[in-house]
Amino acid sequence: MPNPDHNRDKLLATCILGGVAAVGLTIYLARCHRRGSPSGRPVRVYMDGCFDMMHYGHCNALRQARALGDQLVVGVVSDAEIIANKGPPVTPLNERMIMVRAVKWVDEVIPDAPYAITEEFMRKLFDEYKIDFIIHGDDPCVLPDGTDAYALAKKAGRYKQIKRTEGVSSTDIVGRMLLCVRERSVSDVQNHSTLQRQFSTGRSPKFDDVVSDSRTKISQFLPTSRRIVQFSNEKSPGPDARVVYIDGAFDLFHAGHVETLRIARGLGDFLLVGIHTDQSVSAKRGVHRPIMSLHERSLSVLACRYVDEVIIGAPWEVSRDMITTFNISLVVHGTTAENTDFQKEQNNPYAVPISMGIFKVLESPLDITTTTLIRRIVANHEAYQKRNEKKAASEKKYYEGKTFVSGD
């Protein structure tokens, strides 16, 4: 095992001989400060969460947390703890674990984490998992008794804060789906164009009395080029790389999507994912879809470790020119998808790759679609409505007292 003191002395000696002792010492001290110990041991940071209806906001929080250390350990709260503190989760623990493990900034995952950081669990994090800092966003996390869930970590001086990602929350997404359910109940008495305009703003006068005070909106996300760059892998395939292409809406990005992408990535060297436009999805799936906007869906897919690149607003049909432009070797489509009858359509979107002999249908490992998630909400909509009304009050309080927080 290398002697850290020997390495330090060697570094200082080298700097002195080179005439840049001050610069070398500054770099060394900065490194020690970041890593938390002169031994140079990697800084391990911990972030926990429910990660229910996981979205790009969760992913951005994990990205920020990972930037504060060298290794990110993530605790995923148990179903029982979520039920006790927030109400029933939409996605069970096994699906939430798949989602968190697939985020490219995550190094390790702890299942069945407690909702609140207890003294016992904090000791376990420090001693067993060698955690240096516990991370959370600037929005408050208050327990049912009104206390701060991270009070012990703050008291121990091992707490760090990141900036909350604006424009989305699990409460917001569930609210969007609840709005779909309400609006559909009057679809027979309103024409589609009127309904679509109401849906795009997230409001309908008929249902304003049952929508929370926060006025659930379809999307409050303000996309920037910087955010896309932050999520991008910034790499391209080599000239001899086997490029695999898969496209879809990827709405409400879920465990079924992740597992299909994992299998697709294993068929080549580079996975290119096409994200269909809002207009294309709406034309095929109905005016209430997609739930998430194009840029929201793109960021969720970009955060997945199995994805190398995305086409934001991919065409519905895969053309020969597109195959040539991106040097695509194989086009794939999952068996568990919203559109499984594409080969019966008059304009089969995969007609060209099929004729070229480069099309393959993948056996989807999980029987989950976006419709599956929406049905879960519909089946238990009263419970989710109550949960959202409760959460809306705390979110409203957060936004009323919100101040600027540096970071990204």
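User: How many bridges join strand E1 to strand E2?

Analyst: This is a predicted model. In it, six bridges join E1 (residues 44-49) to E2 (residues 71-77), and the two strands run parallel. Within that pairing, valine 45 stands opposite leucine 72 in E2.

User: Which order do the strands of that open sheet have?

Analyst: The order is E3-E2-E1-E4-E5, an open sheet of five strands with parallel pairing. Strand E3 (108-113) and strand E5 (159-162) are the edge strands, each pairing on one side only. From one strand to the next, the twist averages 30 degrees.

User: How do strands of a sheet pair?

Analyst: Through backbone hydrogen bonds, in either a parallel or an antiparallel way.

User: Over how many bridges do E1 and E4 pair?

Analyst: Three, in the parallel sense. Tyrosine 46 stands opposite isoleucine 134, which is in E4.

User: What joins E4 to E5?

Analyst: Four bridges, and E4 and E5 run parallel. Isoleucine 134 takes part here too: its bridge partner in E5 is tyrosine 159.

User: Why is E4 described as largely enclosed?

Analyst: Because five of the five residues of E4 are buried, E4 is largely enclosed by the rest of the structure. A residue counts as buried at under 20% relative accessible area.

User: Which residues point which way from E4?

Analyst: Phe133, Ile135 and Gly137 point one way, while Ile134 and His136 point the other way. All of them are buried.

User: Which strands does helix H6 lie across?

Analyst: H6 (residues 119-127) lies across E1, E3 and strand E4 (133-137). Its direction is at about 120 degrees to E4.

User: And where does H5 lie?

Analyst: H5 lies across E2 and E3, and runs at about 165 degrees to E2.

User: Which residues lie nearest the centre of the second largest cavity?

Analyst: Met53, Met54, Leu252, Phe253 and His254, out of 19 residues that line the second largest cavity. Helix H5 (93-102) and helix H13 (294-302) are the elements that give two or more residues to that lining.

User: What classes of residue does that lining have?

Analyst: The lining of the second largest cavity has eleven nonpolar residues, four polar ones and four charged ones.

User: Where is tyrosine 306?

Analyst: Tyrosine 306 is in the loop between H13 and strand E8 (309-314).

User: What does tyrosine 306 touch, leaving out residues up to four places away in sequence?

Analyst: Tyrosine 306 is in contact with Ala102, Val258, Leu261, Arg262, Arg265 and Leu271.

User: What separates the C-alpha atoms of tyrosine 306 and alanine 264?

Analyst: A distance of 8.5 Å, with tyrosine 306 and alanine 264 being 42 residues apart along the chain.

User: Last one, serine 364. Where is that found?

Analyst: Serine 364 sits in the loop between strand E10 (359-362) and helix H16 (370-379).

User: Is serine 364 buried or exposed, and why?

Analyst: Serine 364 counts as buried because its relative accessibility is 10%, and the cut-off for buried is under 20%.

User: Which residues does serine 364 touch, again not counting those up to four places away?

Analyst: Thr260, Gly334, Thr335 and Thr336 are the residues that serine 364 touches.

Technical notes
Residues numbered from 1 in each chain as written. Predicted model: local features only at pLDDT ≥ 70, side-chain atom pairs only at ≥ 80, totals over all residues. Heavy atoms only, no water. Buried < 20%, exposed > 50% of the residue type's maximum accessible area, 1.4 Å probe, protein only. Contact = heavy atoms within 4.5 Å. 1 Å grid on protein atoms, 1.4 Å probe; cavity = no way out; pocket = protein on both sides within 12 Å on 5 of 7 lines; lining within 4 Å. Nonpolar A, V, L, I, M, F, W, Y, C, P; charged D, E, K, R; others polar. Pairing = 2+ DSSP bridges. Axes fitted to C-alpha atoms, helices over the stretch in contact; angles between N-to-C directions.
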